[in-house]
Amino acid sequence: MTVRRAEFDRAGHLRDEPGILEALRSSDDARVIVVREGRVRVEDGALVTVVSAEVGDADWGLLGRHSDGSTLLVAAIAPVTDSIDAAPAETWLGLRDTGGLLDAEHTELLVEAVTLASWLRDARFCTACGSATEVRQGGWSRKCLDNGHEFFPRTDPAVIVAVESEDGEKLLLGANANWHGRMYSCFAGFVEAGESLESTVHREIEEEAGVLLSSLRYISSQPWPYPRSLMVGFRATASDERRARPDGEEIVDVRWFTRAEIASAMNGDGPVGLPGPASIARALIEDWYEARE
């Protein structure tokens, strides 16, 4: 469903080399993915990379190395940057915009670049004392200049679940209040402190859709850079489909969809809209649909 093995070498062994970022920024072989407010430049179905001299002021990080030995950096820039803003606005895209435009490796690079760039800009100051932090390990850690505390990019786990009926012939989807009833998707929620993934699945489905589950199984996962989530995908079976009801706050409607209705929605013919092709929600729906084709 998602990439099983990384397509790109993150080159962790380079991160501790003294002055690695400065050396790579002056290298003729290094290229840079520029990130601005969670978006990167995409043209002709590929990520646009530039040389470091084109970037100007930025927060820098080492993304990794291509199979040919060339290195790739990320530069997180401010919302308005004259040297980069000459690029057409329509070429700045986020993960939701790219959909199926990018291949697996470029999608992986987009997520890594956006996630690391967001952290580099957000973690400039120590959360304990407010002092400035210094970039270490090629952009993968920061150290407080006052108390020496180290910070690392964090990942927030969230579950996302495709719930099927006991006979496997219907799929339960919900309409989020933010979508105004125009789109239905799988149910999702963040893992709370001290909670297992499985407990989160049971809790979120009961809270959002009123359904108890008789079984669940892990399917796949997807990093999601808004700003630093890891979506952990499950398939689950409802013990009593008659219990389904929305929570009325986050979820305004829940519906059981037949296989024919899901097929129609995937083709864009209704009865409702489904998540875009870049999301694990769409992959879970398609996984359920294809299992009984």
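How many bridges join strand 2 to strand 6, and in which sense do the two strands run? Let's start there and then visit a few other corners of this predicted model.

**View 1. Strand 2 and its partners.** Two bridges join strand 2 to strand 6 (residues 92-93), and the two strands run antiparallel. Here R41 sits opposite W92 in strand 6. Strand 2 (residues 39-43) also pairs with strand 1 (residues 31-36), again in the antiparallel sense and over two bridges. If you look for V35, its bridge partner in strand 2 is V40. Strand 3 (residues 46-47) is another antiparallel partner of strand 2, with two bridges between them, and in this pairing E43 faces A46.

**View 2. Two hairpin turns.** Strand 1 and strand 2 make a hairpin with two residues between them. In that turn, E37 has a positive phi of about 50°. The hairpin of strand 2 and strand 3 also has two residues between its strands, and there D44 takes a positive phi near 55°.

**View 3. The whole chain, for orientation.** Stepping back for a moment, the protein chain holds six helices and 15 strands. Its C-alpha trace spans about 60 × 45 × 35 Å along the principal axes. Of the 293 residues in the chain, 47% are buried.

View 4. Strand 8 (residues 141-144) pairs with strand 9 over two bridges in the antiparallel sense.

**View 5. Cysteines without a disulfide.** How many disulfides does the structure hold? The count is zero. C144 is in no disulfide, and the nearest cysteine sulfur, that of C129, is 3.6 Å away. A disulfide would need the two sulfur atoms within 2.5 Å. Is C144 buried or exposed? With a relative accessible area of 3%, C144 is buried. C186 counts as buried too, at 9% relative accessibility.

**View 6. An aromatic pair across the chain.** The structure holds three aromatic pairs, and one of them is formed by Y184 and F257. A pair of aromatic rings is described by the distance of the centres and the angle of the planes. Y184 and F257 are edge-to-face, at 5.5 Å centre to centre and with 75° between the planes. The pair links distant parts of the chain, 73 residues apart. Y184 belongs to the loop between strand 11 and strand 12, while F257 lies in strand 15 (residues 251-258). Both Y184 and F257 are buried.

**View 7. The hairpin of strand 13 and strand 14.** These two strands run antiparallel and are joined by 10 bridges. They form a hairpin with four residues between them. A pair to look for is S221, which stands opposite V232 in strand 14.

**View 8. The second largest pocket.** This pocket has a volume of about 660 Å³. Its lining is made of 29 residues, and R96, I160, W179, W224 and M231 lie nearest its centre. The elements that give two or more residues to the lining are strand 10 (156-164), strand 11 (170-176), strand 12 (187-190), strand 13 (213-224), strand 14 (229-238) and helix 6 (280-291). Which element gives the largest share of the lining? That is strand 12, with four residues. By class, 17 of the lining residues are nonpolar, nine are polar and three are charged.

**View 9. The largest cavity.** Rolling a probe the size of a water molecule over the atoms shows where empty space is left. Searching the whole structure turns up two cavities of 30 Å³ or more, and the largest cavity holds about 50 Å³ of space. Its lining consists of T115, S118, W119, D122, P153, R154, P227 and R228. Sorted by class, that lining has three nonpolar, two polar and three charged residues.

Note on methods:
Residues are numbered from 1 along each chain as its sequence is written. This is a predicted model: local features need pLDDT of at least 70, side-chain atom pairs count only at pLDDT 80 or more; totals for chains, interfaces and linings use all residues. Side-chain values use heavy atoms; hydrogens and water are left out. On a 1 Å grid over the protein atoms alone, a cavity is a set of points where a 1.4 Å probe fits but cannot get out, and a pocket is an open set with protein on both sides within 12 Å along at least five of seven lines; lining residues have an atom within 4 Å of a point. Grid points are joined across faces, edges and corners, and a volume is the space filled by probe spheres set on the points. Ala, Val, Leu, Ile, Met, Phe, Trp, Tyr, Cys and Pro count as nonpolar, Asp, Glu, Lys and Arg as charged, and the others, Gly among them, as polar. Two strands pair if DSSP finds at least two bridges between them. Buried means under 20% relative accessible area, exposed over 50%, partly exposed in between (1.4 Å probe, protein chains only). Rings of Phe, Tyr and Trp (its six-membered ring) pair if their centres lie within 6.5 Å; planes under 30 degrees apart count as stacked, over 60 as edge-to-face and the rest as tilted.
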